[in-house]
Amino acid sequence: MICLQVTRMKCGGIVVGCCFDHRIVDGISSTIFFQAWTEAAQGLSSSFITPCFERSLLNPRYPLNTGAIDKHYMALPFSALDRTDPPAPQIGRIYHLDALTLLQLQALANQSQGKPRVGKPITKMEAVSSYIWKLFARAQALTSSEPTRIGIPIDGRAYLNLPPSYFGNVIAIPFKESYAEHILVQPLSKIAKIVRNVITGSANSEYFMSFVDWVEEKRPAAMLARVYGEEGSAVVVSSGVRTPLYQFDFGCGKPTFSSVYFPWGGTAGYVMLQASPLGDVNMVVYMHMVKKDLDAIETDPEFLFVRVSRMNFW
């Protein structure tokens with residue numbers, strides 16, 4: 001479930017590495033663990049809510065009603081997971097997105113024909129996800145008729161009436177597909193509407209209850225998100241910006257920098273948005289995909305991120 005490694009550097013600094021099995025631990029669960037760890041390391045009484053391990057809270061409905069969940073997930077025999085043709089190897093790189101650039105991206109995503117958007121504003125996460133999707137599709141040199149997909153992980157605790165302290169993996173990964181011409185040519189505001197539809201179409205109780213029913217119906221098969229397991233152009237953008245990474249203190253001071261490494265083995269690219277040590281609305285952006293796609297993104301004239309290796313947070 002978890003593997004920990006502490007490395008002491010020659011400079012006196014310490015690197016704490018934690019490896020979780022994402023099938024049973026999501027980002028919120030890892031936050032619960034880190035909070036408990038930091039308080040124990042400092043000899044503090046626990047201020048955090050006791051983790052909830054009550055799996056009966058995820059009981060399916062009867063009769064089962066799986067809705068349209070098959071559009072987003074597939075059930076396979078476990079033997080199918082042993083691929084004879086492994087996907088092209090992927091690599092991870094870490095970037096930084098400064099607050100001013102992020103706000104400019106959000107402003108672009110909230111414009112419609114040069115005028116402010118009417119209705120609920122596009123969020124920073126939606127704007128950055130739209131921007132990354134456009135860069136990703138361009139990096140893959142897709143023709144206008146080729147499809148490309150974006151997946152957005154969504155936490156289901158609130159929609160399943162689970163306590164915030166529920167420990168496990170309650171993440172769904174819905175996605176939307178569009179022809180590349182719509183992503184390559186349309187302004188950021190149009191792409192952001194598609195990204196928003198991914199979220200609004202799935203961030204509700206019926207979707208997550210249908211997901212629970214679907215899992216019950218397909219057991220004991222292996223289950224995969226289609227955006228992860230199917231061939232074709234796809235990128236998943238996840239957000240962990242609300243995780244209080246820089247408040248954790250394992251007894252030796254708060255972190256100077258934090259990021260993730262997520263080699264998930266699928267064909268889709270994976271991007272994780274995290275809080276920055278610079279605070280405010282700055283972001284750390286972890287990207288894991290095929291090297292040629294990362295290289296193409298970095299050389300794109302509209303690329304706005306800065307490699308962390310070229311920055312000095314200290």
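This is a stop-by-stop tour of the structure, with something to select at each stop.

**Before you start**

You're looking at a predicted model, where local features need pLDDT of at least 70 and side-chain atom pairs count only at pLDDT 80 or more, while totals for chains, interfaces and linings use all residues. Residues are numbered from 1 along each chain as its sequence is written, and side-chain values use heavy atoms, with hydrogens and water left out.

**Stop 1: the whole chain**

Show the protein chain as a cartoon. Its secondary structure comes to eight helices and 15 strands; these are DSSP runs numbered from the N terminus, with helices (H or I) of at least four residues and strands (E) of at least two. Along the principal axes, the C-alpha atoms fill a box of roughly 60 × 55 × 45 Å.

How does the radius of gyration fit a compact globule of 314 residues? Such a globule would come out near 20 Å, and the protein chain has 20 Å, which agrees. The radius is taken over C-alpha atoms, and the globule rule is 2.2 Å times the number of residues to the power 0.38.

The protein chain exposes about 16,600 Å², and carbon and sulfur atoms supply 56% of that. Accessible areas come from the Shrake-Rupley method with a 1.4 Å probe, and for residues only the protein chains shown count as cover. Of the 314 residues, 41% count as buried. Buried means under 20% relative accessible area, exposed means over 50%, and partly exposed is in between (1.4 Å probe, protein chains only).

One more overall number: take the contacts (heavy atoms within 4.5 Å) between residues at least 6 apart in sequence, and 75% of them join residues at least 24 apart.

**Stop 2: an aromatic cluster**

Select Phe-20, Phe-33, Phe-34, Trp-37, Phe-248 and Phe-250, and show their side chains. Ring pairs link these residues into a cluster. The structure holds 19 aromatic pairs. Rings of Phe, Tyr and Trp (its six-membered ring) pair if their centres lie within 6.5 Å; planes under 30 degrees apart count as stacked, over 60 as edge-to-face and the rest as tilted.

Zoom in on Phe-34 and Trp-37. Their ring centres are 6.3 Å apart and their planes are at 25°, so this pair is stacked. Both sit in helix H1 (residues 27-41), three residues apart, about one turn of the helix. Phe-34 counts as buried at 14% relative accessibility, whereas Trp-37 is partly exposed at 22%.

Next, turn to Phe-34 and Phe-248. This aromatic pair is tilted, with 5.6 Å centre to centre and 45° between the planes. Phe-34 is in helix H1, but Phe-248 is in the loop between strand E12 (233-240) and strand E13 (269-275), so the pair ties together parts that are 214 residues apart in sequence. Phe-248 is buried, with a relative accessible area of 3%.

**Stop 3**

Go to Val-195 in helix H5 (residues 188-200). Is Val-195 buried or exposed? It counts as buried, at 0% relative accessibility. Leaving aside neighbours within four places in sequence, Val-195 has contacts that include Trp-133, Ile-150 and Ile-152.

Ser-210 is next, in helix H6 (residues 205-218). It is buried at 4%. Which residues does Ser-210 touch, not counting those up to four places away in sequence? They are Arg-61, Asn-65, Thr-66, Gly-67 and Ile-69.

Then pick Met-74 in strand E3 (residues 73-76), a buried residue at 12%. Its contacts beyond four places in sequence include Trp-214, Leu-224 and Arg-226.

**Stop 4: backbone details**

Show the backbone at Tyr-62 and Pro-63. A cis peptide bond joins them, with omega about 0°, and Pro-63 is in the loop between H1 and E3. You'll find another cis bond from Arg-219 to Pro-220, with omega near 5°; Pro-220 lies in the loop between H6 and strand E11 (222-225).

Finish with Ala-141, which has a positive phi of about 50° although it is not a glycine. Ala-141 is in the loop between helix H3 (124-139) and strand E7 (147-151), and is exposed at 60%. Asn-161 also has a positive phi, near 55°. Look for Asn-161 in the loop between strand E8 (154-155) and strand E9 (171-172), exposed at 68%.
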